[in-house]
Amino acid sequence: MSEKKSKAIAYWKENIKYLSILLTLWFMVSYGAGILFKDALNEIRLGGFKLGFWFAQQGSIYVFVILIFVYVRIMNKLDKKYGFDEE
């Protein structure tokens, strides 16, 4: 196996690892906070709304957008690490 191909395989394995972690985090926030733990979170209010309701309606979207920026940052570092950056 060539060095280039082995670098590409390692790159994608690491990419899938980070993607899995970030999607798991998003799932825990959207499903966990918005559905599973909503009763406990509804004891807390945020801007006049119950926190469980807020996570179900807005929080998971905000977390998803933040995770997109985190993913871009991680991928830029990963590209440089494996020599796939465009610079």
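The mean pLDDT of the protein chain is 89, and 99% of its residues reach 70 or more. The model is predicted, with local features requiring pLDDT of at least 70 and side-chain atom pairs counted only at pLDDT 80 or more, whereas totals for chains, interfaces and linings use all residues. Residues are numbered from 1 along each chain as its sequence is written, and side-chain values use heavy atoms, with hydrogens and water left out.

An unreviewed UniProt entry places the feature "domain: Sodium symporter small subunit" at residues 10-84. UniProt positions are given in the numbering used here, feature names are shortened, and annotations may be inferred rather than shown by experiment. The span 10-84 is 84% helix and 5% strand, and its end C-alpha atoms lie 12 Å apart. The unreviewed UniProt entry also places the feature "transmembrane region" at residues 21-41 and 53-72. Residues 21-41 are 95% helix and 0% strand, with end C-alpha atoms 23 Å apart. For residues 53-72 the figures are 100% helix and 0% strand, with 29 Å between the end C-alpha atoms.

The largest nonpolar core consists of eight residues: Leu-22, Val-29, Ala-33, Leu-41, Leu-51, Phe-55, Val-63 and Leu-67. H1 and H3 each supply at least two residues of this core, and H3 gives the most, with four. A nonpolar core is a set of buried Ala, Val, Leu, Ile, Met, Phe, Trp, Tyr and Cys residues joined through side-chain atoms within 4.5 Å. Buried means under 20% relative accessible area, exposed over 50%, and partly exposed in between (1.4 Å probe, protein chains only). With neighbours within four places in sequence left aside, Leu-67 is in contact (heavy atoms within 4.5 Å) with Leu-22, Leu-25 and Trp-26.

Rings of Phe, Tyr and Trp (its six-membered ring) pair if their centres lie within 6.5 Å; planes under 30 degrees apart count as stacked, over 60 as edge-to-face and the rest as tilted. The count by this rule is eight aromatic pairs. The rings of Tyr-11 and Tyr-82 are edge-to-face, because their planes stand at 85 degrees, with the centres 6.0 Å apart. Tyr-11 belongs to helix H1 (residues 3-36) and Tyr-82 to helix H3, so this pair ties together parts that are 71 residues apart in sequence. Both Tyr-11 and Tyr-82 are buried. Trp-54 and Phe-55 also form an edge-to-face pair, with ring centres 5.3 Å apart and planes at 75 degrees. Trp-54 counts as partly exposed, at 22% relative accessibility. Ring pairs link Tyr-11, Trp-12, Tyr-82 and Phe-84 into a cluster.

Lys-7 is in helix H1 and, at 31% relative accessibility, counts as partly exposed. Neighbours within four places in sequence aside, Lys-7 is in contact with Tyr-82 and Phe-84. Lys-7 and Gly-83 are 76 residues apart in sequence and 8.9 Å apart in space, C-alpha to C-alpha.

Terms used:
pLDDT is the predictor's confidence in each residue, from 0 to 100.
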